Amino acid sequence: MSQAFYCTTPIYYVNAKPHLGHAYTTILVDVAARAAKADGRETFFLTGTDEHGDKVVEAARKNNEEPKAYVDTISGLFRNLWPKLSIEPDRFIRTTEDGHIRVVKQILARIYEAGDIYFAQYTGHYCLGCERFVLERELVDGLCPDHGTKPEVIAESNYFFRMSKYQGWLIDHIKANPDFIRPKRYANEVLSFLREPLEDLCISRPKSRLKWGITLPFDENFVTYVWFDALLNYVSALGYPDGPDYKKFWPVVQHVVAKDILKPHGIYWPIMQKAAGIAPYQHLNVHGYWNVDKTKMSKSLGNVVDPLALAERYGVDAFRYFLLREMAFGLDSSFSEQAMVARINADLANDLGNLFSRVLAMAGKFLSWAAPAQNPALEQETGLGLKNAANTMVEQYRDACQSFAFHNALKAVWDFIGLMNRFVDTNAPWALAKDEQDRPRLETVLYNLLEGLRLVAALIWPVMPGTAEKMTTHLGMDPRMLSQGRGAALAWGGLPAGATLSEPQALFPRVDWESIEPSEQTTKMDTPETKAPAKEQISFDEFKKLDLRVGLITTAEAIPKAKKLLKLTVDIGSETRTVVAGISLSYKPEELVGKQVVLLANLAPAKIMGITSQGMVLAAVDEDGARVLSPEKNAPPGTPVQ
């Protein structure tokens, strides 16, 4: 693998203030860049703002400002927000910069001279929200499918880019490079779109209609279409075509975007690169939407979430952790402040925070605040070591990071944290401390726990840098090690014997949701009126007839011709069961594999769509869909639920 790493966010359109979606994408790329940097790779992290186009002019007009003054203000909001969320880009680009404008004109001139831009008259349906002509076949009941508004029919002469010339090339390139666009569902979506003839792209706007833009180098009467301008930031920021950063970083570029801008990044941009003689990007990584109040965030709906307010209330690291842990990369996720509080209390305060405090407190009490030496011989003899589990965690973490699946990377870490908590309870250091003969065993147990915490700190640093640095300091080590190449630091045995430990402070205080005033909550809680009425009472003896067990879903697949059903294989310890569950409208099969659930195991078998179902997966169901029930902490498959 190349030692260089280049990762980009989309540059954000400045017609509105930054919101949760912007924060998620930028934190995601910051985490990817930190992880690469910690692995010793030379990194370049790019973000910025997109500042031309119709919508900017309209927003400036509504704000009684000239476009330049308006974009300076909004761009400043983005730039100033990122440090407050522990985001550290290497470059913040603006499309109004002289250097960017020069590159746009240079590439336009090159494509024009090659004969791939022509002048023609066109009549079409122009959507202001999309800032493009929407094809007739894209309209739904005469309305733009994305904005629900009726496009304006405009007839005018413009310059067009011959995208159709490169349609076959792009199809072949995507098929030959299966991970060019990932997750795969988005590559399939682009290929599906490309099954229809690709129309040429209108890349200009007459100055009689729009003056706020980059003037075409071959016609002073037109400005450049905003997408053709904005997409080129990814190369202009590197000093295209001869800059050393361009030569070093462009071959390894990773773009990260939300799915709403898949088409420009998955179709326009690679074709623009091909026409300009630029090597195609390495990967386009596409994530889903954050939904709030059952719908995608929208300024017009009034459900936009302020990321800074949440970070200030709960802490930057907790906010970053929630976003990365809650959203499965590539899929949509629902934002709930109450769910965030639950994550803070369960994952951060209980699992990690309590473990860290307990282990350091025991090390202070039993070892006088000095880290013990590793004892591999005793570990092998007694089976006390956590080394194998730690190595597995590191491997899973790194594999997940390669595909931007940071939710899985964090799951691997928290599975290990759960193992460490059980390790404490099983080996009871407080009992070992009572007998001097058990001293070697005590030191071995505590060494494994302290070393495990050191590894956890190293792995969570990209997501929670402040927490990781605090943990490392308390473990008697230099926190600068977290960002200065940690290849060796992820090998078991890095905690030096005799390291001076210090008394811990609470990493994450518990949050009392009930103490937060409803007027201060970002998202609403269900009111009693929305809850289902209680059913008829049953006796305890009747309840005891239910055989409820923890199950682990090992496979999940759609059932042909069944709209709501999935076929699951569920491990319940002593056996595996085939279960048909009506949850396909709420879960994709890949979301369920590896998930623990509660199974009603003694439900009489029933044949559904020709499949014998041997149990029922329990779920909470309301108008938002189904949410399968899972234990707060993982339990062995087959564990009774009482």
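**Buried and exposed elements of the predicted model**

The model is predicted: local features need pLDDT of at least 70, side-chain atom pairs count only at pLDDT 80 or more, and totals for chains, interfaces and linings use all residues. Residues are numbered from 1 along each chain as its sequence is written, and side-chain values use heavy atoms, with hydrogens and water left out.

Arg454 lies in helix α18 (residues 439-460). Helices (H or I, at least four residues) and strands (E, at least two) are DSSP runs, numbered from the N terminus. Contacts of Arg454 (heavy atoms within 4.5 Å) include Leu475, Met477 and Leu495, not counting residues up to four places away in sequence.

In helix α6 (residues 184-193), the buried residues are Tyr186, Ala187, Val190 and Leu191. They cover an arc of only 145° around the axis, so they sit on the same side of α6. The arc is taken from the directions from the helix axis to the C-beta atoms. The buried residues of α6 pack against α5 (167-176), β8 (181-182), α10 (262-276) and β14 (283-287).

Phe540, in helix α20 (residues 540-544), counts as exposed at 58% relative accessibility; the cut-off for exposed is over 50%.

Strand β7 (residues 152-161) pairs (at least two DSSP bridges) with two strands. Strand β5 (residues 117-127) runs antiparallel to β7, joined by 10 bridges. Gln121 has Ser157 of β7 as its bridge partner. Strand β9 (residues 201-202) is also antiparallel to β7, with 2 bridges. Here Phe161 is partnered by Leu201 of β9.

How values were computed:
Buried means under 20% relative accessible area, exposed over 50%, partly exposed in between (1.4 Å probe, protein chains only).
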